Amino acid sequence: MQSNKEITPLYNENGSLQGVYISANKWFEKEAELEALLFSKESAHSETKKSVLRAEPTKDWELFLSYWDFNYPVEKVVKCENCGAHTENWTEDEPKKFRLKAANIGGMVSFLCVKCKYRVTKKHFKDHICYECRPFTCKIR
(Lines give C-alpha, C1' and ligand atoms only; values in the text may rest on other atoms or scores of the structure.)
Protein backbone atom coordinates (compact mmCIF):
# COMPACT_ATOMS: atom_id res chain seq x y z
CA MET A 1 0.00 0.00 0.00
CA GLN A 2 1.33 3.42 -0.92
CA SER A 3 1.68 5.81 2.03
CA ASN A 4 0.25 9.30 1.81
CA LYS A 5 -1.14 11.83 4.25
CA GLU A 6 -4.68 10.41 4.09
CA ILE A 7 -3.98 6.67 4.31
CA THR A 8 -0.90 5.48 6.19
CA PRO A 9 0.00 1.89 7.06
CA LEU A 10 1.26 1.48 10.64
CA TYR A 11 4.05 -1.03 11.29
CA ASN A 12 5.52 -2.33 14.55
CA GLU A 13 9.22 -2.51 15.37
CA ASN A 14 9.47 -5.89 13.57
CA GLY A 15 8.03 -4.47 10.36
CA SER A 16 4.67 -6.25 10.69
CA LEU A 17 1.60 -4.33 9.62
CA GLN A 18 -0.41 -3.48 12.74
CA GLY A 19 -3.09 -1.21 11.34
CA VAL A 20 -3.92 1.59 8.96
CA TYR A 21 -4.43 5.27 9.75
CA ILE A 22 -7.20 6.87 7.67
CA SER A 23 -7.61 10.64 7.86
CA ALA A 24 -11.01 11.98 8.92
CA ASN A 25 -11.49 13.60 5.51
CA LYS A 26 -10.93 10.30 3.71
CA TRP A 27 -13.09 8.42 6.23
CA PHE A 28 -16.06 10.78 5.77
CA GLU A 29 -15.59 10.69 1.99
CA LYS A 30 -15.95 6.88 1.98
CA GLU A 31 -17.68 6.24 5.33
CA ALA A 32 -20.77 4.44 4.03
CA GLU A 33 -18.71 2.09 1.84
CA LEU A 34 -16.15 1.43 4.57
CA GLU A 35 -18.79 0.77 7.24
CA ALA A 36 -20.64 -1.57 4.88
CA LEU A 37 -17.42 -3.42 4.21
CA LEU A 38 -16.06 -3.46 7.76
CA PHE A 39 -19.29 -3.85 9.69
CA SER A 40 -21.64 -5.84 7.47
CA LYS A 41 -24.49 -7.65 9.25
CA GLU A 42 -23.12 -10.95 7.96
CA SER A 43 -19.79 -10.21 9.61
CA ALA A 44 -18.85 -12.04 12.77
CA HIS A 45 -17.79 -8.62 14.04
CA SER A 46 -21.21 -6.93 13.77
CA GLU A 47 -21.22 -6.30 17.51
CA THR A 48 -18.00 -4.32 17.09
CA LYS A 49 -19.86 -1.64 15.15
CA LYS A 50 -21.95 -0.76 18.18
CA SER A 51 -18.84 -0.17 20.25
CA VAL A 52 -17.06 1.77 17.47
CA LEU A 53 -19.88 4.25 16.99
CA ARG A 54 -19.83 6.96 19.62
CA ALA A 55 -22.93 6.79 21.80
CA GLU A 56 -25.54 9.44 21.22
CA PRO A 57 -25.41 12.19 23.87
CA THR A 58 -28.83 11.33 25.29
CA LYS A 59 -28.02 12.92 28.65
CA ASP A 60 -27.51 16.23 26.84
CA TRP A 61 -30.91 15.74 25.15
CA GLU A 62 -32.54 15.03 28.52
CA LEU A 63 -30.88 18.11 30.04
CA PHE A 64 -32.15 20.18 27.10
CA LEU A 65 -35.69 18.89 27.77
CA SER A 66 -35.42 19.61 31.50
CA TYR A 67 -34.80 23.30 30.69
CA TRP A 68 -37.60 23.47 28.11
CA ASP A 69 -39.38 26.82 28.32
CA PHE A 70 -40.37 27.42 24.70
CA ASN A 71 -43.85 28.53 23.59
CA TYR A 72 -44.56 25.25 21.75
CA PRO A 73 -44.50 21.53 22.60
CA VAL A 74 -41.39 19.37 22.21
CA GLU A 75 -40.95 18.36 18.57
CA LYS A 76 -39.05 15.22 17.64
CA VAL A 77 -39.39 15.67 13.89
CA VAL A 78 -36.12 15.62 11.94
CA LYS A 79 -35.87 16.09 8.18
CA CYS A 80 -32.93 16.17 5.81
CA GLU A 81 -33.34 18.65 2.97
CA ASN A 82 -30.48 17.01 1.07
CA CYS A 83 -31.73 13.43 0.64
CA GLY A 84 -35.33 13.72 1.84
CA ALA A 85 -34.96 11.47 4.89
CA HIS A 86 -37.66 12.28 7.42
CA THR A 87 -38.94 11.04 10.74
CA GLU A 88 -41.75 12.14 13.01
CA ASN A 89 -39.88 10.92 16.10
CA TRP A 90 -36.13 10.38 15.89
CA THR A 91 -36.09 8.72 19.33
CA GLU A 92 -38.23 5.79 18.15
CA ASP A 93 -36.77 4.97 14.73
CA GLU A 94 -35.38 1.48 14.25
CA PRO A 95 -33.14 1.44 12.38
CA LYS A 96 -32.07 5.01 13.09
CA LYS A 97 -32.54 7.55 10.30
CA PHE A 98 -30.79 10.26 12.31
CA ARG A 99 -28.18 10.06 15.06
CA LEU A 100 -28.12 12.69 17.77
CA LYS A 101 -24.72 14.41 17.68
CA ALA A 102 -25.20 17.30 20.12
CA ALA A 103 -27.78 19.08 22.25
CA ASN A 104 -27.47 21.99 24.61
CA ILE A 105 -29.69 23.99 26.95
CA GLY A 106 -29.37 27.00 24.63
CA GLY A 107 -31.72 25.27 22.19
CA MET A 108 -29.40 23.86 19.55
CA VAL A 109 -29.85 20.18 18.67
CA SER A 110 -27.74 18.57 15.95
CA PHE A 111 -28.23 15.29 14.09
CA LEU A 112 -26.33 13.26 11.52
CA CYS A 113 -28.43 11.97 8.62
CA VAL A 114 -27.53 8.29 8.41
CA LYS A 115 -28.43 8.14 4.71
CA CYS A 116 -26.36 11.02 3.27
CA LYS A 117 -24.17 12.07 6.25
CA TYR A 118 -25.43 15.66 6.20
CA ARG A 119 -25.67 17.56 9.48
CA VAL A 120 -29.23 18.60 10.40
CA THR A 121 -29.39 21.31 13.05
CA LYS A 122 -32.52 22.48 14.83
CA LYS A 123 -32.18 25.86 16.52
CA HIS A 124 -34.97 26.34 19.04
CA PHE A 125 -36.05 29.92 19.63
CA LYS A 126 -38.81 31.08 22.00
CA ASP A 127 -41.54 30.95 19.35
CA HIS A 128 -40.14 28.92 16.42
CA ILE A 129 -37.55 26.40 15.25
CA CYS A 130 -34.99 27.12 12.54
CA TYR A 131 -33.73 24.12 10.54
CA GLU A 132 -30.35 23.95 8.84
CA CYS A 133 -29.06 21.13 6.67
CA ARG A 134 -25.40 21.17 5.63
CA PRO A 135 -22.78 18.69 4.52
CA PHE A 136 -20.57 17.58 7.36
CA THR A 137 -17.16 19.19 7.19
CA CYS A 138 -14.23 17.94 9.16
CA LYS A 139 -12.34 20.80 10.81
CA ILE A 140 -8.89 19.25 11.06
CA ARG A 141 -5.86 21.46 10.61
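Author: We'll go from the overall layout to a helix, the core and a few single residues. First, a caution: this is a predicted model, where local features need pLDDT of at least 70, side-chain atom pairs count only at pLDDT 80 or more, and totals for chains, interfaces and linings use all residues. Residues are numbered from 1 along each chain as its sequence is written, and side-chain values use heavy atoms, leaving out hydrogens and water.

Reader: How many helices and strands does the protein chain have?

Author: Helices (H or I, at least four residues) and strands (E, at least two) are DSSP runs, numbered from the N terminus. Here there are 3 helices and 8 strands, in the order β-β-α-α-α-β-β-β-β-β-β along the sequence.

Reader: Where does α1 bend?

Author: A bend at a residue is the angle between axes fitted to the seven residues ending there and the seven starting there. In α1 that angle is about 75° at Lys30. The expected span of a helix is 1.5 Å times one less than its number of residues. For 15 residues, a straight helix would span 21 Å, but α1 (residues 24–38) spans only 16 Å between its end C-alpha atoms.

Reader: And which residues are buried in α1?

Author: Buried means under 20% relative accessible area, exposed over 50%, partly exposed in between (1.4 Å probe, protein chains only). In α1, the buried ones are Ala24, Lys26, Glu31, Leu34 and Glu35. Across the protein chain, 28% of the 141 residues are buried.

Reader: Which residues have the most contacts inside the largest nonpolar core?

Author: In soluble globular proteins, nonpolar side chains tend to be buried together. A nonpolar core is a set of buried Ala, Val, Leu, Ile, Met, Phe, Trp, Tyr and Cys residues joined through side-chain atoms within 4.5 Å. The largest one has 18 residues, with Cys80, Phe98, Leu100, Val109, Phe111 and Val120 making the most contacts inside it. Two or more residues come from each of α3 (58–66), β5 (98–103), β6 (108–113) and β8 (129–135).

Reader: Is Glu56 buried or exposed?

Author: Glu56 is buried, with a relative accessible area of 17%. You'll find Glu56 in the loop between α2 (46–52) and α3. A polar contact is a pair of N or O atoms within 3.5 Å; within protein, one must be able to donate a hydrogen and the other to accept it, and residues adjacent in sequence count only if both atoms are side-chain atoms. The side chains of Glu56 and Lys96 make one at 3.4 Å.
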